Amino acid sequence: MMHKNLLSGLVYLALILISTYFALSLQREKPKDFRRAERRLIVRSDSVMRVLSIFDPADTAVLRAQSSDLSDRSLRSKDFRMLSAKMLRTVTDPSQDGVGIAAPQVGINRRIVAVQRFDKPGEPFEVYPNVRIDSLFGPRVCGPEGCLSVPGRRGIVPRASDIIVSWKDPATLQVVRDTVHGFTAVIFQHECDHLDGILYTDRADSVFVR
């Protein structure tokens, strides 16, 4: 009898988990095309885009907003290619000299990040659309972080040492996953936080002026 009750309980728990999964899937906003205002910002901005700052209230509203996925049509568009190129020019410009940037930091609330892959030969910058961190694992390590949108400050932030990250490949429109470790994993966590309106200062054990 005990085994039968246990089995019934496990089945019930599995049904709850499945129902929760489908409910969350339905709640996720359907990917949409770039809005007209977004396209205008992408086209009219300089090759090095203005980086939003927490010290400007209007900028902060954008930085604290939730970002959404792009539709397949927009991922294949000239607007996406232009935004990707401008994000890369912005983060690598000597005026910024960053290791990562998220689309909200240049005024576009979309789930797009550019990350320097220190774990790959040549340490290239790569752009990841519709990106999410699927799993955090390994020990939590505290390390220094800064942010292009929080100029003049640094903080000590605990981060997972290892992650599984997923994104949609614009060429194939297939979801791709990668396991990332170390400092590059930290960059992904920092930039993906931006997509949920979270700044590193929200997670930091301490923040100081540099």
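Which residue takes a positive phi in the hairpin of E5 and E6? In this hairpin, which has six residues between its strands, Leu-173 takes a positive phi near 60°. The model is a predicted one, in which local features need pLDDT of at least 70 and side-chain atom pairs count only at pLDDT 80 or more, whereas totals for chains, interfaces and linings use all residues. Residues are numbered from 1 along each chain as its sequence is written, and side-chain values use heavy atoms, with hydrogens and water left out.

Helices (H or I, at least four residues) and strands (E, at least two) are taken as DSSP runs and numbered from the N terminus. Two strands are said to pair if DSSP finds at least two bridges between them. Strand E5 (residues 153-168) and strand E6 (residues 175-181) pair in the antiparallel sense over seven bridges, and Lys-168 has Val-175 in E6 as its bridge partner.

An open sheet of three strands has the order E1-E2-E3, with antiparallel pairing. Its edge strands, each pairing on one side only, are E1 and E3. Neighbouring strands of this sheet are turned by 15° against each other on average, direction ignored; here axes are lines fitted to C-alpha atoms, for helices over the stretch in contact, and angles run from 0 to 180 degrees between N-to-C directions. Strands E2 and E3, which run antiparallel, are joined by five bridges, and the bridge partner of Gln-116 is Phe-125 in E3. Helix H6 (residues 182-195) packs on the sheet and touches E1, E2 and E3, its direction making about 160° with that of E2. Helix H5 also lies across E1, E2 and E3, running at about 135° to E3.

Helix H5 (residues 78-92) has 15 residues and reaches 21 Å from its first C-alpha to its last, which is close to the 21 Å expected at 1.5 Å a residue, the expected span being 1.5 Å times one less than the number of residues. Buried residues (under 20% relative accessible area, with exposed over 50% and partly exposed in between, for a 1.4 Å probe and protein chains only) in H5 include Asp-79, Phe-80, Leu-83 and Met-87. The buried residues of this helix pack against helix H2 (36-44), helix H4 (72-75) and strands E1 (100-102), E2 (112-116) and E3 (125-129). Thr-90, found in helix H5, is buried with a relative accessible area of 0%. Not counting residues up to four places away in sequence, Thr-90 touches Ser-47, Val-48, Met-49, Val-51, Gln-96 and Ile-101, where contact means heavy atoms within 4.5 Å.

In soluble globular proteins, nonpolar side chains tend to be buried together. A nonpolar core is defined as a set of buried Ala, Val, Leu, Ile, Met, Phe, Trp, Tyr and Cys residues joined through side-chain atoms within 4.5 Å. The largest such core has 17 residues, and those with the most contacts inside it include Leu-83, Met-87, Ile-101 and Ile-112. H5 and E2 each supply at least two residues of this core, and the largest share, four residues, comes from H5. Apart from this core lies another, of 14 residues, among them Val-115, Val-165, Ala-185 and Cys-192.

Cys-192 counts as buried at 5% relative accessibility, and Cys-147 also counts as buried, at 8%. With a disulfide taken as a pair of cysteine sulfur atoms within 2.5 Å, the count comes to zero disulfides.
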